[in-house]
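Hello,

Here is the structure I promised to hand over. My notes follow below it.

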Amino acid sequence: MTAMFVNLPVTDLERAKAFYTAIGFTINPQFSDHNAACVVVEDGHSYFMILVRDYFQTFTDLPIGDPAVNPSVSTAIFHDSKDAVDKAVADGLAAGGSEPRPASDYGFMYQRQLTDPDGNVLEFGWMDPVAAEQGPEAYTDQRA
């Protein structure tokens, strides 16, 4: 089985852990310490490793950018409903995140952007099951 780990630099590990648990994820304590925490997005498949900046720097010789100023990645997470998307964003806003742009509703797909307190960009979305399986045109044909 393939698993994906997205490494994100953070300035305050405890604040980041509070943010990510507020939006519905859990922390795996077996892979967490004073330098990093493993955020379980989907157990067995998808994880964030939130790493304090000094520790993150040990993984590269290149300088680490500030995601609040120069984002270099946007991680999309899709939910089963628009309401679940709205709840994740509302919970993230309450936990110190920000929403830099309004929601986008394309009919077959709904998306909202949320940045964590460090500026890392998360996209929360929902897609109509027909469009997800057969493409946006199938959704349009179904509505005609």
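**Phe48 and the cores**

Beyond its neighbours within four places in sequence, phenylalanine 48 is in contact (heavy atoms within 4.5 Å) with Val6, Leu8, Tyr20, Phe25, Ala37, Cys38, Val39, Val41, Thr75, Ile77 and Leu122. This is a predicted model: local features need pLDDT of at least 70, side-chain atom pairs count only at pLDDT 80 or more, and totals for chains, interfaces and linings use all residues. Residues are numbered from 1 along each chain as its sequence is written, and side-chain values use heavy atoms, with hydrogens and water left out.

The largest nonpolar core has 23 residues. Such a core is a set of buried Ala, Val, Leu, Ile, Met, Phe, Trp, Tyr and Cys residues joined through side-chain atoms within 4.5 Å. Buried means under 20% relative accessible area, exposed over 50%, partly exposed in between (1.4 Å probe, protein chains only). Phe48 is among the residues with the most contacts inside this core.

**Salt bridges**

The structure holds six salt bridges (a side-chain nitrogen of Lys or Arg within 4 Å of a carboxyl oxygen of Asp or Glu). One joins aspartate 118 to arginine 15, with the closest N and O atoms 3.2 Å apart. Aspartate 118 lies in the loop between β7 and β8 and arginine 15 in helix α1, so the pair ties together parts 103 residues apart in sequence. Helices (H or I, at least four residues) and strands (E, at least two) are DSSP runs, numbered from the N terminus. Aspartate 118 is buried, at 9%. Arginine 15 is partly exposed, at 33%.

Best wishes
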